[in-house]
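Trainee: Could you show me how to read the aromatic features of a protein model?
Mentor: Gladly; let's look at it together.

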Amino acid sequence: MYTFSSKLKTFSFVLMAVGLLGIGYGFLTAPKDIQEVEKLLAAETHEGHGEAKHEVATATTEAHHEVSKDSEVKEEAEHREHVTHVLKQLQNKPWASLYVACIFFMLIAMGTLAFYAIQQVAQAGWSPVLFRVMQGITAYLPVGSVIFFVILIICGLHIFPSNSLFIWLDPEVVAHDKIIANKSGYLNFPFWIVRAAIFLAGWNLYRYFSAKNCIEQDKANDDLWYKKNFNISAGFLVFFIVTESIMSWDWIMSIDPHWSSTLFGWYVFASFFVSGITMITMVTLYLKSRGYLEHVNTSHIHDLAKFMFGISVFWTYLWFSQFMLIWYANIPEEITYFVTRIQLYNLPFFGAVVMNFLFPILILVNTDFKRITWILVMAGIVILLGHYIDFFNMIMPGTVGDRWFIGVSEIASVLFFLGLFIYVVFTALTKTPLLPKRNPYIEESKHFHY
């Protein structure tokens, strides 16, 4: 049985405490009214920031509006509209930071659950010694789901006026936007939140029963519980592949409601799937370093590293396919998504490609490196950070526009959810033996070598 060390537990509490303080600071320091934004913009203009934007706005105004006696009134109205827009972006920033971290860690658990279900259905002989690690990571899914669902409720019911992550939830926006209005049959709060409830409930029910069946199998004298797990895993994968695509539209793509991509569901899947596999590797290496998982050998680690490498390539294929097709077609409604990210998010946009493709390719293409602990830990940290940046790129442009930076809110949100993730996962690992001793393939898994 695994024992949750007091040092690691204390570390998780410290992360959560620091994270909560930082999250609170982010909300407290967000501007409350237009006057605060006016001061901020004035300070930026004084320092030279934003001058180019002002010149472009002025040039556009001069090109489209003749000078008339009411030009000052128009300028004032445009200025007020701009300031109000900036206020919404800055008020959105702490919410968006919280949202990115929340969905990222929840989907890491989801990616692990999908990988676990695939192993069950494939009747894989190499991986049963890792099943308890996977079940420990997926124990975070119920906790993450509850927090995430609460955030969705807050967004939909407008409990906090400062929260406007999903603009299509604003009736005023829908009334004046034909594109969003045409999608209102699908993008409306009641239908949206019901879908979310069904998805989260379905995923968590599978997690609960698959873990329960695995534990029951250890007490049984036959393979009945294993066969039950096989059947529900097959059903879950069908449910998952449908709901995952819709989830990506509902919770991420709808943040930019004028834009759509038929590849987006696969793209999001690849991102959190490789993150889940990477987390399995990291937790396994940690437990090995503490003397647990004695039956896990370098061949198991090597296979996990191969999946990290392979799914990183798969993610890159989808990233390039989506980018290249949209860029080449150059349809204004589609290309604006990438123009925004290249112009305003240049560093994180291309940085994600370096962290999620170039780095894994250069490090993990070597067979020997896939068995070296410190290299895998380094690669794992970079991949996880890279995919956090990937989710950052997907969500932030539609919520905060050009008002982004990695600040207190972003760092604190990651620290809080990381601390919560560590606490929940390693607490779950203490509840059951780390070896599923009655799995039909456990002996094959114990002696897996190549």
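Trainee: Which residue lies over the face of Tyr186?
Mentor: A charge sits over a ring if NZ of Lys or CZ of Arg is within 6 Å of the ring centre and within 35 degrees of the ring normal. Here Arg195 lies over the face of Tyr186, 3.8 Å from the ring centre. Another case is Lys93, whose charged end sits over the ring of Phe405, at 3.8 Å from its centre. Keep in mind that this is a predicted model, where local features need pLDDT of at least 70, side-chain atom pairs count only at pLDDT 80 or more, and totals for chains, interfaces and linings use all residues. Residues are numbered from 1 along each chain as its sequence is written, and side-chain values use heavy atoms, leaving out hydrogens and water.

Trainee: How is a pair of aromatic rings described?
Mentor: By the distance of the centres and the angle of the planes. Rings of Phe, Tyr and Trp (its six-membered ring) pair if their centres lie within 6.5 Å; planes under 30 degrees apart are stacked, over 60 edge-to-face, and the rest tilted. The count by this rule is 57 aromatic pairs. One of them joins Tyr2 and Tyr292 edge-to-face, with 5.1 Å centre to centre and 70° between the planes. Tyr2 is in the segment before helix 1 (6-29), while Tyr292 is in the loop between helix 11 (264-289) and helix 12 (298-329), so this pair links parts of the chain 290 residues apart. Helices here are DSSP runs (H or I, at least four residues), numbered from the N terminus.

Trainee: Why does the pair of Trp203 and Trp251 count as edge-to-face?
Mentor: Because their ring centres are 6.0 Å apart and their planes stand at 80°. Trp203 lies in helix 9 and Trp251 in helix 10 (residues 224-251), so the pair ties together parts 48 residues apart in sequence.

Trainee: Are Trp203 and Trp251 buried or exposed?
Mentor: Buried means under 20% relative accessible area, exposed over 50%, and partly exposed in between (1.4 Å probe, protein chains only). Trp203 is buried at 0%, and Trp251 is buried at 0%. Tyr2 counts as buried at 4% relative accessibility, whereas Tyr292, at 22%, counts as partly exposed.

Trainee: Which residues form one aromatic cluster?
Mentor: Its members include Phe115, Trp126, Tyr206, Phe236 and Tyr450.

Trainee: What is Val174 in contact with, leaving aside its neighbours within four places in sequence?
Mentor: Contact means heavy atoms within 4.5 Å. Val174, found in helix 7 (residues 171-175), is in contact with Trp168, Ile180 and Ala181 when those neighbours are left aside.

Conventions:
Helices (H or I, at least four residues) and strands (E, at least two) are DSSP runs, numbered from the N terminus.
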